[in-house]
Amino acid sequence: MAKKYKIVYDRSLCIGAGTCVAINPDSWELDSENKAILKDSSQKGSSEIFELEIDDSSFNIEME
């Protein structure tokens, strides 16, 4: 059975370095303000908090 995880992203803390995009461009992108966008996430109310639930199948990690 796959484990479930929740990514909680606070956009107000983003400094626009782009490391998240460099590491995982399938899940992240930069907007016109050079702030990260967590793709397929849901915004919590009018805040800058975004959440995305994933499971083990989302990881592209080769196990030895």
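Q: Which residues make up the largest nonpolar core?
A: A nonpolar core joins buried nonpolar residues through their side chains. In this predicted model, the largest one has eight residues: Tyr9, Cys14, Trp28, Ala36, Leu38, Phe50, Leu52 and Ile54. Strand E3 (36–38) and E5 each supply at least two of its residues. E5 gives the most, with three.

Q: Why does Tyr9 count as buried?
A: Buried means under 20% relative accessible area. Tyr9 has 10%, so it is buried. Trp28, at 14%, also counts as buried.

Q: What does Tyr9 touch?
A: Leaving out residues up to four places away in sequence, Tyr9 touches Cys14, Trp28, Ala36, Leu38, Glu48, Ile49 and Phe50.

Q: How many aromatic pairs does the structure hold?
A: There are two. In one of them, the ring centres of Tyr9 and Trp28 are 5.1 Å apart and the planes stand at 90°, so this pair is edge-to-face. Tyr9 belongs to strand E1 and Trp28 to strand E2 (residues 28–30), so the pair ties together parts 19 residues apart in sequence. Ring pairs link Tyr9, Trp28 and Phe50 into a cluster.

Q: In which sense do strands E1 and E5 pair?
A: Strand pairing is read from the bridges between two strands. E1 (residues 4–10) and E5 (residues 49–55) pair in the antiparallel sense, over seven bridges. Asp10, for instance, has Ile49 in E5 as its bridge partner.

Q: Which residue takes a positive phi in the hairpin of E4 and E5?
A: Gly45 does, with a phi near 65°; this hairpin has five residues between its strands. Strand E4 (residues 42–43) pairs with E5 in the antiparallel sense over two bridges, and Ser42 has Glu51 as its partner in E5.

Technical notes:
Residues numbered from 1 in each chain as written. Predicted model: local features only at pLDDT ≥ 70, side-chain atom pairs only at ≥ 80, totals over all residues. Heavy atoms only, no water. Helix = DSSP H or I, 4+ residues; strand = E, 2+ residues; numbered from the N terminus. Core = buried A, V, L, I, M, F, W, Y, C linked by side-chain atoms within 4.5 Å. Buried < 20%, exposed > 50% of the residue type's maximum accessible area, 1.4 Å probe, protein only. Contact = heavy atoms within 4.5 Å. Phe/Tyr/Trp six-rings, centres within 6.5 Å; stacked < 30°, edge-to-face > 60°.
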